[in-house]
Amino acid sequence: MTVTLADVAARAQVSPATVSRVLNGNYPVAASTRERVLKAVDELDYVLNGPASALAAATSDLIGILVNDIADPFFGIMAGAIQSEIGGPGGRAGGERLAVVCNTGGSPERELTYLTLLQRQRAAAVVLTGGAVEEGPQAAAIAAKLRKLTDAGTQVVLCGRPPVADTDAVALAFDNRGGARQLTAHLINLGHRRLGYIAGPKERTTTRHRLEGHRQALAAAGIEDDPALTVHGRYDRRSGYEATLELLRREPGLTAVVAANDSVALGACAALRESGLRIPQDVSVAGFDDLPFSVDAVPALTTVRLPLSEAGARAGRIATGREEPPPGGLATVRGELMVRGSTGVPRA
């Protein structure tokens, strides 16, 4: 049953006019009253009508793009490609679409807040980029919110993250397992047997899938997975630096470092150099994503190239109805191994 303004007013014990004033922000309302109204809105999951034109069409010309960190090239490239496809004519009456980039900072709570705000604005589409937190109450709440968005007519596209069960969201999922497996297998084929792995945050899907691919390659080669040779951290350069120093402390005979992404790999390179080790003569380093700076690193990074721009552009076209969703609503986007100078045969 549709929740009405009157329902919110009854729950908050105020008049419908007061609810309207709080939601529109065009009239002073006491702080305590405002808090009661907003609490009732959240509890009832009330969707703000928004402009009359949006109400008439069920959705607006607003498209939300959710990223973990717009300053991270991984997300910036995808967001730029998405926006390039959704900008321009194509909205109602030939008007422009408005793209809104929402920076979540990797917080599922913040992601849920943005999804709720976009729901209230009757967004035409929402594109969520990168990995997700897949366990706990936040994950369940986000899945429920995605169902409500699609039920209301909003096109939801997951770009670079796995599908969400029991939703109509379209998923363009990166093959993180396959890419990581190929990357570690390359190092094993060179002769490496003591490989350190710097993983991302434990709770994220991208972290789990890439680590699983790494472990699959070890198992296929008959190499025991030593838990001491895996360190978790953030997806940034500092984390790579600190984790590499820890790996060297645990295993001085380390011959290769596999990093969760290219930014982490740069930090690993810095730590190795400061420790008096050469790359790749003493220790090989591999990254993931093939971000623009990877080829300019010294030596250039061996990595897995993900088609970030292409995936983002496709997500944008699907979000705007300019491209049909893949069969079953799921497409697997595979990476390509890029072998460069940061990996080599291990020292004797």
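Reader: Is Glu 212 buried, exposed or partly exposed?

Author: Glu 212 is partly exposed, at a relative accessible area of 26%. Buried means under 20% relative accessible area, exposed means over 50%, and partly exposed is in between, with a 1.4 Å probe and protein chains only. This is a predicted model, in which local features need pLDDT of at least 70 and side-chain atom pairs count only at pLDDT 80 or more, while totals for chains, interfaces and linings use all residues. Residues are numbered from 1 along each chain as its sequence is written, and side-chain values use heavy atoms, with hydrogens and water left out.

Reader: Which side chain does Glu 212 meet in a salt bridge?

Author: That of Arg 177, at 2.6 Å from N to O. A salt bridge here is a side-chain nitrogen of Lys or Arg within 4 Å of a carboxyl oxygen of Asp or Glu. The pair links distant parts of the chain, with Glu 212 in helix H9 (residues 205-220) and Arg 177 in helix H8 (residues 176-190), 35 residues apart. Helices (H or I, at least four residues) and strands (E, at least two) are DSSP runs, numbered from the N terminus. Arg 177 is partly exposed, with a relative accessible area of 30%.

Reader: How many salt bridges by that rule?

Author: The count comes to 23. One of them joins Glu 111 and Arg 161, whose closest N and O atoms are 3.1 Å apart. Glu 111 is in helix H6 (residues 108-120), and Arg 161 is in the loop between strand E4 (155-159) and strand E5 (170-174), 50 residues apart.

Reader: Is Glu 111 buried or exposed? And Arg 161, buried or exposed?

Author: Glu 111 is buried, with a relative accessible area of 6%. Arg 161 is buried as well, at 4%.

Reader: What about Glu 251 and Arg 194?

Author: Their side chains meet in a salt bridge, 2.7 Å from N to O. Glu 251 lies in the loop between helix H10 (237-250) and strand E8 (256-259), and Arg 194 in the loop between H8 and strand E6 (195-199), so the pair ties together parts that are 57 residues apart in sequence. Salt bridges that share partners also join Glu 85, Arg 314, Arg 317, Arg 322 and Glu 323 into one network.

Reader: Switching topic. How many disulfides?

Author: Zero, in a search of the whole structure. A disulfide would be a pair of cysteine sulfur atoms within 2.5 Å. Cys 102 is in none, and the nearest cysteine sulfur, that of Cys 159, is 15 Å away.

Reader: Which residues does Ala 315 touch?

Author: Ile 82, Val 127, Val 157, Cys 159 and Leu 172, not counting residues up to four places away in sequence. Contact means heavy atoms within 4.5 Å.

Reader: Where are the cis peptide bonds at Pro 280 and Pro 299?

Author: One joins Ile 279 and Pro 280, with omega about 5 degrees; Pro 280 is in the loop between helix H11 (262-274) and strand E9 (284-286). The other runs from Val 298 to Pro 299, with omega near -10 degrees, and Pro 299 is in the loop between E9 and strand E10 (303-305).
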